[in-house]
Amino acid sequence: ENLRESVLSVPTELKLMVGPAQAFEMTPFGTQPKLYTVDQDGKFISELGMESDPWTVTAYIMAGDGALVNNVTCAFSGGYCEFTDMAIDTAGSNFTLGFALSYPTTADIGTAMSESFNVGGRPLSIQVTSLPSLQPMNSSFSVVVSIWDDALDL
């Protein structure tokens with residue numbers, strides 16, 4: 001039998017590794033936030049909770065108008081908490097996000113915050129939504145062109 005002693009580190013600080021970037025109204029950030037924790041010596045902690053009962057972080061807006069949309073909570077896995085589809089519903093300037101440990105509720109490691117960033121307008125495009133497949137030469141035909149909301153794909 002191989003018995004080995006395992007020492008669990010206690011997280012003392014939540015850190016932002018990657019902040020949100022490439023932000024457009026109602027569109028998931030092109031670069032999603034990624035966080036991690038460190039112990040009192042500043043060492044990375046690779047295990048937080050268990051797969052069946054992970055530690056979680058919730059994001060919130062500290063500065064800027066609007067609201068966060070899609071998944072605003074993420075679970076730690078392999079020592080990292082990485083959001084996947086978070087977005088902001090309003091274009092604007094000088095947004096700052098805060099990140100707080102939401103589970104377990106008994107841990108107190110403070111919050112992390114992003115640097116200030118801007119959220120561009122909603123991405124729109126033009127799409128041909130109706131076009132005849134065959135048309136005789138030298139005859140008129142109709143084409144329907146629509147403004148498309150790329151953020152909501154409609």
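What radius of gyration does the protein have, and what would a compact globule of 154 residues have? Here are some notes to go with the model.

1. **Overall dimensions.** The protein has a radius of gyration of 23 Å, whereas a compact globule of 154 residues would come near 15 Å. The radius is taken over C-alpha atoms, and the globule rule is 2.2 Å times the number of residues to the power 0.38. Along the principal axes, the C-alpha atoms fill a box of roughly 85 × 45 × 20 Å.

2. **Ground rules.** Please keep in mind that this is a predicted model, in which local features need pLDDT of at least 70 and side-chain atom pairs count only at pLDDT 80 or more, while totals for chains, interfaces and linings use all residues. Residues are numbered from 1 along each chain as its sequence is written, and side-chain values use heavy atoms, with hydrogens and water left out.

3. **Secondary structure.** The protein has 14 strands and zero helices. Both are DSSP runs numbered from the N terminus: helices are H or I with at least four residues, strands E with at least two. Of the contacts between residues at least 6 apart in sequence, 56% join residues at least 24 apart; a contact means heavy atoms within 4.5 Å.

4. Buried residues make up 29% of the 154, where buried means under 20% relative accessible area, exposed over 50%, and partly exposed in between (1.4 Å probe, protein chains only). The accessible surface comes to about 9,800 Å², 50% of it belonging to carbon and sulfur atoms; areas come from the Shrake-Rupley method with a 1.4 Å probe, and for residues only the protein chains shown count as cover. There are 5 positive and 18 negative charges, and their mean positions are 8 Å apart. Lys and Arg count as positive, Asp and Glu as negative, with His and the chain ends not counted; the charges are placed at NZ of Lys, CZ of Arg, CG of Asp or CD of Glu.

5. **The disulfide.** Cys74 and Cys81 form a disulfide with their sulfur atoms 1.9 Å apart, the rule being a pair of cysteine sulfur atoms within 2.5 Å. Their link is right-handed, with 110° about the S-S bond. Cys74 is buried at 8% relative accessible area, and Cys81 is buried at 0%.

6. **Backbone points to look at.** Most residues other than glycine have a negative phi, and most peptide bonds are trans. Tyr103 and Pro104 are joined by a cis peptide bond, with omega about 5°; Pro104 lies in the loop between β10 (92-103) and β11 (111-113). Gln22 has a positive phi near 55° and lies in the loop between β1 (13-18) and β2 (34-38). Gln22 is exposed at 53% relative accessibility. Met26 lies in the loop between β1 and β2 and has a positive phi near 65°.
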